[in-house]
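Please view the sequence and the model first.

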Amino acid sequence: QSVWKSGGEFFATGIVRDITEQKKAETALREREERLRAIVDTAVDGIITDDSTGAIVFWNNAAEKIFGYTEQEIVGKNATMLLPERLHDELDALREAFLQNGVQTSSESIGLKKDGTEFPIEVTRAVWNSEGATFATAIVRDITKRKKTEHDRLLLSSVIEQAHENILIMDAKGTIVYVNPAVMSQMDRPAEAILGSNGFQATGSIYDPQFFKAIYEQLQSGSA
């Protein structure tokens, strides 16, 4: 707008522009951002974004639950504080290579909670650019329960393998899917000849047909 004087009178000239479409676009963009934020904040995995220096610029609700830091506490801090100190150099080297290559990666590591507790995590990373700046977004999952389950399975497997008792596993059709060393020590055939065969028709030095028949009847009656 400009003001000017002519013949003792003042005049004003203004340029009027219809910004209806611009406002619609701004509203649509804001609504998309709000929907995206709602999705991100309800995600069960932590979503963390840091810049090329490692400073955290985004932190969702799940990340707060996983690590214990609020968004106000963590934004602006270096992402290395989310890992034990012994892994800081490794993270810096990984970030440098990752930002250069820009390839999505997934790996397991050790996270560090606010209270100092270490725990296993699975991290998927992706790099992106915005207005000339480079950022890396990590999706972090707490895999403590998964690791415990894996440990328990390995422990159980070790116990079964070392047991002196005979342990043989069959499916509902009678197919033998596992025999432990104690069984094999008393069988007159190699494991390859037993696994995959039908236990209800098996013959060996320690089991007779009546033994498998009883198991079959239990399976069929649902009492096993």
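This is a predicted model: local features need pLDDT of at least 70, side-chain atom pairs count only at pLDDT 80 or more; totals for chains, interfaces and linings use all residues.

Residues are numbered from 1 along each chain as its sequence is written, and side-chain values use heavy atoms, with hydrogens and water left out.

Q: What angle lies between the planes of W59 and F67?
A: Both W59 and F67 are buried, a term that means under 20% relative accessible area, while exposed means over 50% and partly exposed in between (1.4 Å probe, protein chains only). The two rings form a tilted pair, 5.7 Å centre to centre, and the angle between their planes is 45°.

Q: Why is the pair of F67 and F119 edge-to-face?
A: A pair of aromatic rings is described by the distance of the centres and the angle of the planes. The centres of F67 and F119 are 5.7 Å apart, and the pair is edge-to-face because the planes stand at 65°.

Q: How many residues apart in sequence are the parts that F67 and F119 tie together?
A: Helices (H or I, at least four residues) and strands (E, at least two) are DSSP runs, numbered from the N terminus. F67 belongs to helix α2 (residues 61-67) and F119 to strand β6 (residues 118-130), so the sequence separation of the parts they tie together is 52 residues.

Q: Which residue lies over the face of F119?
A: A charge sits over a ring if NZ of Lys or CZ of Arg is within 6 Å of the ring centre and within 35 degrees of the ring normal. F119 itself is buried, with a relative accessible area of 3%. At 4.2 Å from the centre of this ring, the residue over its face is K113.

Q: Which residues touch the most other members of the largest nonpolar core?
A: A nonpolar core is a set of buried Ala, Val, Leu, Ile, Met, Phe, Trp, Tyr and Cys residues joined through side-chain atoms within 4.5 Å. The largest has 18 residues, and those touching the most other members are I48, I56, W59, F67, L82 and V140. At least two residues of this core come from each of β4 (56-59), α2, β6 and β7 (133-142).

Q: Which residues do salt bridges that share partners join into one network?
A: E108 forms a salt bridge with R146, at 3.6 Å between the closest N and O atoms, and another with K147, at 2.8 Å. E108 lies in strand β5 and K147 in helix α5, so this second pair ties together parts 39 residues apart in sequence. The network consists of E108, E122, R146, K147 and E150.

Q: Is T80 buried or exposed?
A: T80 is found in the loop between α3 (71-74) and α4 (88-101). Contact means heavy atoms within 4.5 Å, and beyond four places in sequence T80 is in contact with H88, L91 and D92. Its relative accessible area is 12%, so T80 is buried.

Q: Which side chain does a polar contact of 2.4 Å join to that of Y178?
A: A polar contact is a pair of N or O atoms within 3.5 Å; within protein, one must be able to donate a hydrogen and the other to accept it, and residues adjacent in sequence count only if both atoms are side-chain atoms. Y178 lies in strand β9 (residues 176-179) and is buried, with a relative accessible area of 19%. The side chain joined to Y178 by the 2.4 Å contact is that of E161.

Notes:
Rings of Phe, Tyr and Trp (its six-membered ring) pair if their centres lie within 6.5 Å; planes under 30 degrees apart count as stacked, over 60 as edge-to-face and the rest as tilted. A salt bridge is a side-chain nitrogen of Lys or Arg within 4 Å of a carboxyl oxygen of Asp or Glu.
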